[in-house]
Amino acid sequence: VGMGTDDGGQTYSIELCGGTHVNALGDIGLFKVVGEGAVSSGVRRVEALTGEAARAYLTARDERLREAATALKTTPDEVPARVIALLDERRRLERELAEAKKALAMGGGTGGAAAGPENIGGVAFIGQVLDGFE
């Protein structure tokens, strides 16, 4: 616990509650922060795992990363770059699909449009069946 006064004369405290007390810091072992958030105004809560629980957590995360790398057909180090590349490719394909649907709707596709207008009841009509629209 640390107590003090800031430049404006306000008293503050800084606390770190580690739960069970230990004889030496080395008794804690591995320390992994797994969560953090606001409890109230000016108060933050940090959640962490220590020792064997932290090791098990990191081992499980590493295994999930390896599974993702296998699914993406890349190495664990390259997963972020591969995900970005796939997202970019998806955006490009979505744009191409939208442009193709627009061209088809405007009559630019080869969907079997009539060669010229057909006279139906005294009205010139050109019809085209469009598939693939939701």
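**View 1. A48 is a partly exposed residue of a predicted model.** The relative accessible area of A48 is 30%, and partly exposed is the class between buried (under 20%) and exposed (over 50%), computed with a 1.4 Å probe and protein chains only. A48 belongs to strand β4, residues 43-50; strands (E, at least two residues) and helices (H or I, at least four) are DSSP runs numbered from the N terminus. Leaving aside residues up to four places away in sequence, A48 touches F31, K32, V33 and V34, where contact means heavy atoms within 4.5 Å. From A48 to V34 the C-alpha distance is 5.2 Å, although 14 residues separate them in sequence.

**View 2. F31, V33 and V46 make up a nonpolar surface patch.** Together they have about 280 Å² of accessible area, calculated by the Shrake-Rupley method with a 1.4 Å probe, with only the protein chains shown counting as cover for residues. Patch residues have over 30% relative accessible area and no salt bridge; nonpolar side chains (Val, Leu, Ile, Met, Phe, Trp, Tyr) are joined within 5 Å, like charges within 9 Å. A salt bridge is a Lys or Arg side-chain nitrogen within 4 Å of an Asp or Glu carboxyl oxygen. F31 is in strand β3, residues 31-40, and is exposed at 52%.

**View 3. K73 sits in the loop between α1 (51-71) and α2 (79-105).** K73 is not a glycine, yet its phi is positive, about 55°. The relative accessible area of K73 is 77%, so this residue is exposed.

**Notes.** Residues are numbered from 1 along each chain as its sequence is written, and side-chain values use heavy atoms, without hydrogens and water. In this predicted model, local features need pLDDT of at least 70 and side-chain atom pairs count only at pLDDT 80 or more, while totals for chains, interfaces and linings use all residues.
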